2 protein chains.
Amino acid sequence: MHDRSDRSDLGSAGGALVVAKTCAILREIARAGGGGARLADLSRNTGLSRPSVHRILATLKVEDFVRQSASRRYRLTPQVHEIGLSAPGVAGNLEALRPVIQQLSDVSGDTVYLSMRSGTNAHYLMRGEGSYPIRTYVVKPFQVLPMVSCHSGRALLGSMPRPEADSIIARAWFDDPGQFKAATRDSLREEIEFVRENGYGWARDVTFEGVAGLARAVPNANGPGYLAVTISAVSPRLPLDRARDLLPKLIETTSRIRQIIDNLQI
Amino acid sequence: MHDRSDRSDLGSAGGALVVAKTCAILREIARAGGGGARLADLSRNTGLSRPSVHRILATLKVEDFVRQSASRRYRLTPQVHEIGLSAPGVAGNLEALRPVIQQLSDVSGDTVYLSMRSGTNAHYLMRGEGSYPIRTYVVKPFQVLPMVSCHSGRALLGSMPRPEADSIIARAWFDDPGQFKAATRDSLREEIEFVRENGYGWARDVTFEGVAGLARAVPNANGPGYLAVTISAVSPRLPLDRARDLLPKLIETTSRIRQIIDNLQI
DNA sequence: ATATTTATTCCATATTACGGACTAAATTTG
DNA sequence: CAAATTTAGTCCGTAATATGGAATAAATAT
C-alpha cells in the first residue's frame, strides 16, 4: 500500500507531483553547498522515500542537472549554474539595492559595503558613504578579496555548511597564511563559529590595521548566503558595544535586501 | 489514445519521465532569456503537448521556480538564480581559464580579455598579456562596462534573443547616448545583427579612440551567452583582414572555455 | 469587428510513479 | 581488521498520477 503521506508538504501542486518533488530535491542539493548532498540526507530532509529520491536523481543525472562524485554525493552541474544565470538576480539589478545600502550609511554615519561571494572570494559591489568625518575607504567597489581576509567574507563563511567553510579556510591557509592577518587557522574557525551561531561577525584589523567591521550575510533559504553587508569604521568608533547597538539596523538592512531580491523583475 | 510519441527525445530517463520533461522546460525558459517564454513556444520547442507543459508549469509556479508576467510569459525566478549560484561555475573557478586566455595572448601577441555578463554590463574578469610592444590596456581586470560600449558586451548582445538585445540597446540609448561612442542606435543594432549571424564582432574606437577589438561569446546551449573573449590592439595592428586570420584561434579559445566549464568540479 | 493564434480547463484512460522489502556497498565501531 | 551499522541501489505488483484530445476562454492580429 502506498500511503504517500509525503504529499502533505507538497500538496498544493496542481497535478504534477513529481515536479514538486524534483524542485524539493534541487533545493536541498543547493542547500548542501559545494560539498554535495547524500541520498539519505536528501530523503530525510525532503520527506521523500529513498527509492523515489533515487529515481528522480537518476533522471536528473541523465539530464545533467546533477552529477555524482566518487564519494557518491550528489552535486549540481554547470548546466544548472547557467540556467540560473538566465534568472533574475542581484547582479543584474544592483541599483535596486543602492538606496538600502545608502540608508544604512545615513543612519550609522559609517561606510557600508555590499559584497557577493564568488568562489572563495568576496566581490565588493557597492559602497555607501556615511557622514562621520573619519572614513574607512579600505575597499573600493568592484574590488575582490579572499573571503578569509575581509569582514563580508567571514560573514559569508559563517553562513555556509561547516565542512565547506572549513575546507575554504584550510585551503587558504595552505595557499598563503599571510592573508589571515592577525588571525590563525583556529582563531578564524572560532570566529566563523561565532558568526554561524549569532548571525553576525565583528572584528578588528581584518582588512586594515585600526579598522573594525560589523558584517552579516543576507539570509538565504535556498543555500549558503552569497551576499553580505558590512559596516566599517575606525576601531575606536566601532567597539563591540556600538556594534551590538547597530546590529538591529544591519539585520533590518539584510532583511530588506532579501525582500528586494525575492521580488526582482516579477 | 495517448501516443506519447514525445518520449523519443527523453527516452533515456530511468523512470521519472516528468522529471526529464521538467528539465527540458526549465532549459527552454532559460534559453528564452530575460524576456520570458510563451507556453506555445515551450510546447513547440520541447515537443511536449500544451496541456502537459501547462500542468508542469503550474507546479513550477507553486514551487516558485517560475513566474508568469502580465503578458503571460513564463520566467525563471530569483530562487532559481540562487540555486544556480550553488552550482559550479566560472566565477568560482576563474584560474582554470587563465592558461587558455594567456595562450591566446601568446599566439596573437595581443591583449586578450575575458568578460562576463552581469545584467546590462560586461564584467572584465581577466586579462592576458601579449608580446606586441604597443599594448592596449584600455580595461582593467574587474572593471565593469556597459555592454553597449565594449567589444565583449557587443559580442554578448549578439548571442542573446534579438528582442532582449534590442531592449537593452534602447534602454542604454535612453539613459545615455554618450556611451555609444561613435555608434548610433541603428548602427549598433546592425553591428549586433552581424555578430548574431557571424558569431564574432570586429570594431574600432569602441572603448577607446584608435583601438580595435575582435570579440566572440563563449557558446552556450542553455541560453544566451554570458562569457566573451576579446582580442584588443591598436587599430593599425588589427585591421579586418588580420581579425579574420585570428578568428579561428579565437573560436578555438571559446570552444576550449566551453569544454572547461562543462567539466568544472565534477 | 472578425479571424487567428494562444492559454487554460476537463476528463476517461493507461502509463508511470509508488514504497516495502531485499541486496550490495561503504563507513564506522569495537 | 572483523563485526555492526549506516548508506546506496534494485525489484516489482499496485494504484495513483500524468496523459492529450477536445472544448472553451482569452488575447492578439487583421
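Colleague: How many helices and strands does chain A have?

Modeller: Chain A has 10 helices and eight strands. Both are DSSP runs numbered from the N terminus, with at least four residues (H or I) for a helix and at least two (E) for a strand. Please keep in mind that this is a predicted model, where local features need pLDDT of at least 70, side-chain atom pairs count only at pLDDT 80 or more, and totals for chains, interfaces and linings use all residues. Residues are numbered from 1 along each chain as its sequence is written, chains are lettered from A and ligands numbered from 1 in the order in which they are written, and side-chain values use heavy atoms, leaving out hydrogens and water.

Colleague: What makes chain A as compact as a globular protein of its length?

Modeller: Its radius of gyration is 20 Å, close to the 18 Å that the globule rule gives for 266 residues, so chain A is as compact as a globular protein of that length. The radius is taken over C-alpha atoms, and the rule is 2.2 Å times the number of residues to the power 0.38. Along the principal axes, the C-alpha atoms of chain A fill a box of roughly 70 × 40 × 30 Å.

Colleague: Why is Val195(B) called buried?

Modeller: Buried means under 20% relative accessible area, exposed means over 50%, and partly exposed lies in between (1.4 Å probe, protein chains only). Val195(B) has 6%, so it is buried. This valine is in helix H9 (residues 185-198) of chain B. Leaving aside residues up to four places away in sequence, Val195(B) touches Arg154(B), Ala155(B), Gly158(B), Tyr200(B) and Gly201(B), where contact means heavy atoms within 4.5 Å. In chain A, 54% of the 266 residues count as buried.

Colleague: And why is Ala170(A) called partly exposed?

Modeller: Its relative accessible area is 34%, so Ala170(A) counts as partly exposed. Ala170(A) belongs to helix H8 (residues 162-175) of chain A. From Ala170(A) to Met147(A) is 23 residues in sequence and 12 Å in space, C-alpha to C-alpha.

Colleague: What makes the phi of Phe142(A) worth a look?

Modeller: Most residues other than glycine have a negative phi. Phe142(A) is not a glycine, yet its phi is positive, near 75°. Phe142(A) sits in the loop between strand E4 (121-128) and strand E5 (144-146) of chain A, and its relative accessibility of 28% makes it partly exposed. In chain B, Phe142(B) also has a positive phi, of about 75°.

Colleague: How do you know that a two-fold axis relates the chains?

Modeller: A rotation of 180° with 0.0 Å of shift along its axis superposes chain A on chain B, with an RMSD of 0.0 Å. That is the relation of a two-fold axis. The copies are superposed by least squares on the C-alpha atoms of residues with pLDDT of at least 70 in both. In chain A, the C-alpha nearest the axis belongs to Gly84(A), 2.1 Å from it. The same surface serves both copies, as 100% of the contact residues of chain A recur in chain B.
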